[in-house]
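Visitor: Please show me a protein model. I would like to ask about its sheet and helices.

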Amino acid sequence: MRRAHNIYSHFLVPRRTIPPSSVVSSTRLTGEQKLLSAALYSSVTAFDLSRWCSSLRFPVASPSIASKSIKNGVAGALSFSFALSTAVEAKEPPSAEFLPKDVVLYQYEACPFCNKVKAFLDYHDIPYKVVEVNPFSKKEIKWSDYKKVPILVVDGEQLVDSSDIIDKLNHKIHPKNSAVDEEESTWRRWVDEHLVHVLSPNIYRTASEALESFNYITTHGNFSFTERLTAKYAGAGVMYMVSKKLKKKYGITDERAALYDAAQTWTKALDGRDFLGGSRPNLADLAVFGVLRPIRHLRAGRDMVENTDIGEWYQRMEAVVGDSSRLPA
């Protein structure tokens with residue numbers, strides 16, 4: 001236990017002072033770190049967390065926390081939430097003859113791949129219902145042979161894998177458009193093969209950031225009381241360790257530098273255009289926006305906006321995608 005405690009002290013205890021404006025007091029933070037330490041270095045798990053985390057494969061977001069750290073996060077929070085005053089193109093709803101009649105999304109609220117699909121649905125103003133899947137039992141998708149999310153059921157047809165879902169749904173609502181844009185395809189692959197992989201090491205970079213992230217899943221996920229408690233502390237602890245493995249797997253030496261580089265790579269690709277698609281966003285714009293949307297109020301997201309040029313593009317996307325077309329439960 002002494003060795004475990006030393007490892008915890010070296011890697012988990014944040015080495016910066018807590019801002020006075022933080023809602024979380026230093027006493028509470030210390031208590032949460034002790035619980036996180038217990039989750040990391042004990043065998044108390046009511047669930048198979050390693051299996052659960054391997055099945056998630058997504059970074060988890062938290063609700064808006066701009067008010068928690070005004071000193072460190074106000075610029076980033078404003079960049080994400082402030083609506084553009086300049087005119088932007090409107091949404092692109094499909095014609096009535098091609099509009100799906102019944103769309104149901106099976107998802108985890110914070111999953112970036114699920115958020116890719118939601119960005120597409122929201123932008124095209126396609127009404128959809130949401131079924132939140134419990135990542136422990138997955139009882140909501142036991143009817144399906146596919147045991148991952150997202151699953152989108154469109155007029156009775158099951159679609160799986162976020163990029164494939166978007167391709168097929170895009171063809172359904174634009175059946176006459178068969179042209180393939182190579183630039184768009186290249187950047188969509190970049191999202192799936194690179195951008196998503198730099199998110200987890202940033203979101204779970206420190207113990208406090210891991211706990212911040214799991215505040216979301218404990219309040220918005222489909223969990224029992226015991227599952228919520230386990231998810232917040234044991235889940236945050238496991239994902240903190242998993243993020244270190246992902247960092248090594250993808251050759252990331254500096255998490256924030258990798259995130260900033262990805263954001264700058266994307267803004268350079270715009271080459272002065274409002275969107276990669278020109279005056280309107282294309283599927284690559286929607287993919288980047290979708291996977292970034294879950295982190296918009298996390299420390300990593302605020303830092304990204306403050307230290308890169310992506311904020312203006314994100315504002316334009318936020319304005320043009322507009323309100324969610326999700327149907328009330």
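This is a predicted model: local features need pLDDT of at least 70, side-chain atom pairs count only at pLDDT 80 or more; totals for chains, interfaces and linings use all residues.

Visitor: In what order do the four strands form the open sheet?

Guide: Strands are DSSP runs of E, at least two residues, and helices are runs of H or I, at least four, numbered from the N terminus. Two strands pair if DSSP finds at least two bridges between them. β2 (129–132) and β4 (157–160) are the edge strands, each pairing on one side only. The pairing is mixed, and the order is β2-β1-β3-β4.

Visitor: Do β1 and β2 run parallel or antiparallel?

Guide: V104 stands opposite K129 in β2. Four bridges join β1 (residues 103–107) to β2, and the two run parallel.

Visitor: How many residues does helix α10 have?

Guide: Helix α10 reaches 23 Å from its first C-alpha to its last. That is close to the 22 Å expected at 1.5 Å a residue, a span defined as 1.5 Å times one less than the number of residues. The helix covers residues 255–270, so its count, by the DSSP run, is 16 residues.

Visitor: Which residue follows α10?

Guide: At the helix start, a side-chain oxygen of D254 reaches to within 3.2 Å of the backbone nitrogen of R256. After α10 comes a residue whose phi is positive, near 50 degrees: D271.

Technical notes: Residues are numbered from 1 along each chain as its sequence is written. Side-chain values use heavy atoms; hydrogens and water are left out. A polar contact is a pair of N or O atoms within 3.5 Å; within protein, one must be able to donate a hydrogen and the other to accept it, and residues adjacent in sequence count only if both atoms are side-chain atoms.
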